[in-house]
Amino acid sequence: EEEEEEEDEEKEQEEQEAQPDAPLSLADKLARTAAARRRRERREKKARGPAIKLGWFGDVHVLELDGPGRWRSLAQSELRPAGRAAHGACWLGGGEDGAGALFVFGGRTATGRTNDAWLLDVAAGRWREPVLAGRRPCARSFHGVAPLASPGGRPLAAVFGGLDSASTPLGDLHLLDASSLAWAEVPAHLPSPRAPPLARSSAGVAATSAGTLLIFGGSSGPIDEASGAPASFHAELLALPLGPLLAATVDAVDEEGAEAGPAESAAAGCAAGAEEETPP
């Protein structure tokens with residue numbers, strides 16, 4: 001759309017230069033007025049920045065399931081995440097009061113892909129950005145997030161795949177322990193050596209009660225710079241049995257948590273920095 005507007009502007013300027021003294025008809029005057037308005041609106045959008053231009057949303061809506069069902073907009077605390085797209089979110093049990101919270105990780109903001117983590121107390125509308133130990137996953141968007149539990153019942157959140165800051169598909173898997181607020185990276189290996197490449201974005205991710213992570217579909221391969229489309233799409237259902245790893249992961253987090261500081265940013269294998277020209 002912007003390219004078409006620029007072409008219209010160039011065409012108008014050429015016509016004006018070719019006929020500087022020619023009288024203008026009413027239609028020509030209206031056309032020039034509309035073109036000037038479009039140019040002014042485009043300049044205003046650029047001045048407001050990409051967050052406004054691209055329409056980044058930071059609102060939260062709650063669907064009340066009691067009764068006939070009703071949507072309502074949630075009033076949020078002043079401290080809140082930046083508006084974003086292509087982030088991951090799931091409900092985490094436990095927490096300070098045992099009531100649980102909405103967990104949000106990563107996504108794309110006006111300044112690029114991010115790896116920040118937030119917890120929302122839905123009842124109070126209060127956000128907080130917790131201090132997390134361990135190795136934080138690198139900045140990403142279009143990743144999958146799913147809740148699961150350790151064999152002892154401790155709530156966990158799994159973060160899988162996505163696109164890093166260079167738009168490269170990721171195949172790493174990270175677990176956040178909601179009780180200790182610590183990250184742990186676990187190996188993501190498929191049982192079959194003939195399985196498709198695991199690295200992908202935009203996949204559907206869910207977990208079973210037995211601790212198996214289910215991954216459906218998604219896309220992988222290099223991003224076409226012209227169209228922004230990935231090289232290939234997937235239609236298979238993959239299963240990662242994590243049951244045996246969950247107990248060991250929680251034990252390792254407990255051992256390291258007492259001495260660990262804030263989470264390190266950017267895991268190995270992920271591009272550093274955040275680009276501003278690629279799609280979310």
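Trainee: This is a predicted model. Is A195 buried, partly exposed or exposed?

Mentor: Read the relative accessible area against the cut-offs. A195 has 27% relative accessibility, so it counts as partly exposed.

Trainee: Where does A195 lie?

Mentor: A195 is in the loop between β10 (182-186) and β11 (204-207). Then check across the fold. Its C-alpha atom is 8.3 Å from that of L238, and 43 residues separate A195 and L238 along the chain.

Trainee: Which side chain does S141 join in a polar contact?

Mentor: Look for the paired side chain. The partner is R113, and the polar contact spans 2.7 Å.

Trainee: Let us turn to sheets. What is the general idea?

Mentor: Backbone hydrogen bonds pair the strands of a sheet, in parallel or antiparallel fashion.

Trainee: In which order do the four strands of the open sheet run?

Mentor: The order is β3-β4-β5-β6, with antiparallel pairing. β3 (88-92) and β6 are the edge strands. Each has a single partner strand, so one side of each lacks a neighbour in the sheet. From one strand to the next, the twist averages 25 degrees.

Trainee: How many bridges join β3 to β4?

Mentor: Five bridges join them, and the two strands run antiparallel. W91 has L102 of β4 as its bridge partner. A89 has V104 of β4.

Trainee: How many aromatic pairs does a search of the whole structure find?

Mentor: Three. Judge each by centre distance and plane angle. The ring centres of F103 and W183 are 6.4 Å apart and the planes stand at 55 degrees, so this pair is tilted. It links distant parts of the chain: F103 is in strand β4 (residues 101-109) and W183 in strand β10, 80 residues apart. Ring pairs also bring in F105, giving a cluster of F103, F105 and W183.

Trainee: Are F103 and W183 buried or exposed?

Mentor: F103 has a relative accessible area of 1%, so it is buried. W183 is at 4%, so it counts as buried too.

Trainee: How many residues has the largest nonpolar core?

Mentor: It has 19 residues. Those with the most contacts inside it are L148, L173, L198, L213, I215, L240 and L242. β7, β8 (155-163), β9 (169-177), β12 (212-216) and β15 (237-241) each give two or more residues to this core. The largest share, three residues, comes from β8.

Trainee: Which residues is I215 in contact with, leaving aside its neighbours within four places in sequence?

Mentor: F160, L198, R200, A203, G204, E236, L237, L238 and L240.

How values were computed: Residues numbered from 1 in each chain as written. Predicted model: local features only at pLDDT ≥ 70, side-chain atom pairs only at ≥ 80, totals over all residues. Heavy atoms only, no water. Buried < 20%, exposed > 50% of the residue type's maximum accessible area, 1.4 Å probe, protein only. Polar contact = N/O pair within 3.5 Å; in protein donor to acceptor, adjacent residues only side chain to side chain. Phe/Tyr/Trp six-rings, centres within 6.5 Å; stacked < 30°, edge-to-face > 60°. Pairing = 2+ DSSP bridges. Axes fitted to C-alpha atoms, helices over the stretch in contact; angles between N-to-C directions. Core = buried A, V, L, I, M, F, W, Y, C linked by side-chain atoms within 4.5 Å. Contact = heavy atoms within 4.5 Å.
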